[in-house]
Amino acid sequence: MIEIKNLKKVFENGFEALKSINLTINDGELVCLLGPSGCGKSTILNLISGLLDPTDGDILFDGESVVGIHPKDRGIGLVFQNYALYPHMSVLENVMFPLTVGKNKMKREDAEKIAKKYMKITSIEELSEKKPGQMSGGQQQRVAITRALVQNPKILLLDEPLSNLDARLRLRIREEIRRLVKEIGITTIFVTHDQEEALSISDKIVIMNDGIVQQHDIPQNLYLNPANEFVARFMGTPIINIYPMRKEGDVLKSEEFDINIDDLNKERFKNKLEDGMYNVGIRAEYFSISENPKIKTKITSVELIGKDCIIHFDLNKIHSKTITDISYTPKAGDDIGLSIDYDNIYIFDTQGKRVY
């Protein structure tokens, strides 16, 4: 188990990268740190690995603090965006290398036996005699992962390991990574800025912004039950539609449509709605084409993506989207009527806190 308690990191230039982070990662979990560039996710990884020292707070592995312990003594495996393979060594030699150096180095024949065992698990046996320069990016990545695993670490840390790969290869390698770490049962932390990657690979996701954990949850909840407006905006494709609306009495009002408070699901309220301004979030799939619409507007453009038809329109002077089946083929300029699924909208106060 990894426990992070009140972890802070302030760099010499005064930049506060992490602001009192608290996290618990259970044994065998595959957890993604997700967020935009500069949110602090790689900083957390570097603090866990020991490449950086915290300004304050503690990091515990199985109840014991590792702050101040050298990276090589923490029982971790590291894989970076840059694979950092030795170009003059064969794949077998690269994989064996961690076992042949340091105070726990072993005989070459023993190291070779262990290396070949893990190379079989990661399906790179046929690359044994190749040099890094003779391999594709995906093959090099698998070698880097195998080299990390061969040390039998308690924790595997992956820092944007797929960002140098093309889209199809990324899909295949991320599936392999999940299969591998689950097969071995190793606790894994995976840093990415790609929400699709995080949703597909993770047991849990920690979504971050501005050095703060916004939500730590199972993937589905980040999309279906976002803790705040930042999470709702960050998760989902297309991006959620957000409309400023004013509550007056029992109605949320805007230029082109209103929402009656009585139409909302009372069990979903997290706080009472006082009169004032709110941001209402409606995902594209929670608008629906309707013959008895609440909203009438005009289609500005249409995208056909796989089985989905994404319809673009303006509402309250805000560019908006809805999704329908590709069998519905409207065109730009058509009038359209829309209804709203009130059970699945979100309401946020002006600070971004979710109230419905």
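Which elements do the buried residues of α4 pack against? In this predicted model, they pack against β6 (76–79), α2 (91–96), α3 (108–121), β7 (155–159) and α5 (167–184).

**A helix on the inside**

Helix α4 covers residues 137–149, 13 residues in total. From its first C-alpha to its last it reaches 18 Å, close to the 18 Å expected at 1.5 Å a residue. Because 12 of its 13 residues are buried, α4 is largely enclosed by the rest of the structure. The buried ones include the nonpolar V143, A144, I145 and L149, but also Q139, Q140, Q141, R142 and R147.

Some of these residues turn up again around V95. Not counting residues up to four places away in sequence, V95 touches A115, M119, I124, V143, T146, R147 and V150. V95 also belongs to the largest nonpolar core, which has 42 residues. Along with V91, L156, I177 and F190, V95 is among those with the most contacts inside that core. Apart from this core lies another, of 27 residues, with F313, L315, L338 and I345 among them.

**The six-stranded sheet**

Next comes an open sheet of 6 strands, in the order β6-β7-β8-β3-β9-β10, with mixed pairing. At its edges stand β6 and β10 (212–217), each with a single partner strand, so one side of each is left without a neighbour in the sheet. On average, and ignoring direction, neighbouring strands here are turned by 15° against each other.

Zoom in on one pair: β7 and strand β8 (residues 187–192) run parallel and are joined by 5 bridges. Within this part of the sheet, D159 stands opposite V191 in β8. Helix α5 packs on the sheet as well, touching β3 (30–34), β7 and β8. The direction of α5 makes about 135° with that of β3.

Inside it, strand β16 (residues 295–305) pairs with β17 in the antiparallel sense over 6 bridges.

**Around β14**

Strand β14 (residues 276–282) is another well-covered piece: 6 of its 7 residues are buried, so β14 is largely enclosed by the rest of the structure. It has antiparallel partners in β11, over 7 bridges, and in strand β20 (residues 346–348), over 3 bridges. G281 takes part in both pairings: I242 stands opposite G281 in β14, and the bridge partner of G281 in β20 is Y346.

Here are the strand pairs met so far, side by side.

| Pair | Sense | Bridges |
|---|---|---|
| β7 and β8 | parallel | 5 bridges |
| β16 and β17 | antiparallel | 6 bridges |
| β11 and β14 | antiparallel | 7 bridges |
| β14 and β20 | antiparallel | 3 bridges |

Is N241 buried or exposed? At 5% relative accessibility, N241 counts as buried, because the cut-off for that is under 20%. N241 sits in strand β11, and its side chain reaches the backbone oxygen of K321 at 3.0 Å. Leaving aside neighbours within four places in sequence, N241 is in contact with V280, G281, I282, R283, A284, F287, H319, S320 and K321.

Finally, a few backbone details to look for. The peptide bond from T237 to P238 is cis, with omega near 0°. P238 is in the loop between α8 (229–234) and β11 (241–248).

Two residues have a positive phi although they are not glycines: D62, at about 50°, and K317, at about 65°. D62 is found in the loop between β4 (56–61) and β5 (64–65). K317 lies in the loop between β17 (308–315) and β18 (318–325). With a relative accessible area of 71%, K317 is exposed.

Notes: Residues numbered from 1 in each chain as written. Predicted model: local features only at pLDDT ≥ 70, side-chain atom pairs only at ≥ 80, totals over all residues. Heavy atoms only, no water. Core = buried A, V, L, I, M, F, W, Y, C linked by side-chain atoms within 4.5 Å. Buried < 20%, exposed > 50% of the residue type's maximum accessible area, 1.4 Å probe, protein only. Contact = heavy atoms within 4.5 Å. Helix = DSSP H or I, 4+ residues; strand = E, 2+ residues; numbered from the N terminus. Pairing = 2+ DSSP bridges. Expected span 1.5 Å × (residues − 1). Polar contact = N/O pair within 3.5 Å; in protein donor to acceptor, adjacent residues only side chain to side chain. Axes fitted to C-alpha atoms, helices over the stretch in contact; angles between N-to-C directions.
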